[in-house]
Amino acid sequence: MAEPLDPPAQEQDDSPYDENGVDRSLVRWMLSLSPTERLAQVQSAIDLIMSVREPPDGAR
């Protein structure tokens, strides 16, 4: 007969990171936001990335 499985490590561990290196505090924070607030955060990240990728005016 098979032995019972241990609960997942994430339930036993109070580490801020799970076994895959995911920051749990960021997951909790994102889940605390409304869907509209989540989209606003993603859009802010996209805007930042696009501003870094665009050459400065007059560069080309």
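Modeller: Pro16 has a relative accessible area of 45%, so the residue counts as partly exposed, a class between buried (under 20%) and exposed (over 50%), judged with a 1.4 Å probe and protein chains only. This is a predicted model, in which local features need pLDDT of at least 70, side-chain atom pairs count only at pLDDT 80 or more, and totals for chains, interfaces and linings use all residues. Residues are numbered from 1 along each chain as its sequence is written, and side-chain values use heavy atoms, with hydrogens and water left out.

Pro16 belongs to the loop between H1 and H2. Its C-alpha atom is separated by 9.2 Å from that of Leu26, 10 residues apart along the chain.

Asp18 is placed in this loop too, between helix H1 (9-12) and helix H2 (24-32). Asp18 is buried but has no salt bridge, that is, a side-chain nitrogen of Lys or Arg within 4 Å of a carboxyl oxygen of Asp or Glu. The nearest side chain of opposite charge to Asp18 is Arg24, 5.4 Å away (Lys and Arg count as positive, Asp and Glu as negative; His and the chain ends are not counted). The Asp18 side chain does reach the backbone nitrogen of Asn20, at 2.8 Å.

Asp23 also has its place in the loop between H1 and H2. Asp23 is buried without a salt bridge, and Arg28, its nearest side chain of opposite charge, is 6.6 Å away. At 2.6 Å, the side chains of Asp23 and Ser25 make a polar contact (a pair of N or O atoms within 3.5 Å; within protein, one must be able to donate a hydrogen and the other to accept it, and residues adjacent in sequence count only if both atoms are side-chain atoms).

Of its 60 residues, 7% count as buried.

Confidence is expressed as pLDDT, from 0 to 100 for each residue. The chain averages 84, and 73% of the residues score at least 70. H1 has the lowest mean, 51, and H3 the highest, 96. Where pLDDT is low, the predicted coordinates should not be read in detail.

Key
Helices (H or I, at least four residues) and strands (E, at least two) are DSSP runs, numbered from the N terminus. pLDDT is the predictor's confidence in each residue, from 0 to 100.
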